[in-house]
Amino acid sequence: QVQFVESGGGLVQPGGSLRLSCAASGFTFSSYSMSWYRQAPGKERELVVSISSGGITYYADSVKGRFTASRDNAKNMVYLQMNSLKPEDTAVFYCNAGGRNTGALYPFYWGQGTQVTVSS
């Protein structure tokens, strides 16, 4: 059974940092790109960053230079280090397999997400 479990969100002041984690299972993790998505209130889910099986990354323009994705294929984990957070980063963050060109490969298996709130 495919499963994604996101964690690490919270309330942070503008300019602060958070590190999100995603534990994936039920598929051959090391063979797939992984992506982080976010969904802000009243908006559609959007791609934030993709990281290939070999660690090549693609970042949305809105997060370039502030967010850094990484992965540990031995642990089936993907991470998102978020620095210089802005109020507009407030959203629920999700992970899924797949990259920028494929989209989410398991669209019926979204996790519960992790809430990130950036506010003073």
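This is a predicted model: local features need pLDDT of at least 70, side-chain atom pairs count only at pLDDT 80 or more; totals for chains, interfaces and linings use all residues.
Me: What order do the six strands of the open sheet come in?
Reply: The order is 2-10-9-4-5-6, with mixed pairing. Strand 2 (10-12) and strand 6 (57-59) are the edge strands, each pairing on one side only.

Me: And how are neighbouring strands turned against each other?
Reply: By 25° on average, ignoring direction.

Me: What does the side chain of Ser-50 make a polar contact with?
Reply: With the side chain of Ser-35, at 2.6 Å. Ser-35 lies in strand 4, residues 34-39.

Me: Is Ser-35 buried or exposed?
Reply: Buried. The cut-off for that is under 20% relative accessible area, and Ser-35 has 1% relative accessibility, so it counts as buried.

Me: Which residues does Ser-35 touch, leaving out those up to four places away in sequence?
Reply: Leu-47, Val-49 and Ser-50, then Tyr-94, Cys-95 and Asn-96, plus Gly-98 and Gly-99.

Me: Different topic. How many residues are in the largest nonpolar core?
Reply: It has 31 residues. Those with the most contacts inside it are Phe-4, Phe-27, Met-34, Trp-36, Leu-80, Met-82 and Phe-93.

Me: Which strands each supply at least two residues of this core?
Reply: Strand 3 (18-25), strand 4, strand 5, strand 7 (67-72), strand 8 (77-82), strand 9 (91-97) and strand 10 (114-118).

Me: Take Leu-80. What does it touch, with the four-place rule again?
Reply: Its contacts are Leu-18, Arg-19, Leu-20, Trp-36, Val-49, Phe-67, Thr-68, Ala-69 and Phe-93. Trp-36 and Phe-93 are also among the core residues with the most contacts.

Me: Why is strand 8 described as largely enclosed by the rest of the structure?
Reply: Because five of its six residues are buried.

Me: How does strand 8 run relative to strand 3?
Reply: Antiparallel, with six bridges joining the two. Ser-21 stands opposite Tyr-79 of strand 8.

Me: And how many bridges join strand 7 to strand 8?
Reply: Six, and that pair also runs antiparallel. Asp-72 has Met-77 in strand 8 as its bridge partner.

Me: Which residue takes a positive phi in the hairpin of those two strands?
Reply: Asn-76, with phi near 55°; the hairpin has four residues between the strands.

Notes: Residues are numbered from 1 along each chain as its sequence is written. Side-chain values use heavy atoms; hydrogens and water are left out. Two strands pair if DSSP finds at least two bridges between them. Axes are lines fitted to C-alpha atoms, for helices over the stretch in contact, and angles run from 0 to 180 degrees between N-to-C directions. Buried means under 20% relative accessible area, exposed over 50%, partly exposed in between (1.4 Å probe, protein chains only). A polar contact is a pair of N or O atoms within 3.5 Å; within protein, one must be able to donate a hydrogen and the other to accept it, and residues adjacent in sequence count only if both atoms are side-chain atoms. Contact means heavy atoms within 4.5 Å. A nonpolar core is a set of buried Ala, Val, Leu, Ile, Met, Phe, Trp, Tyr and Cys residues joined through side-chain atoms within 4.5 Å.
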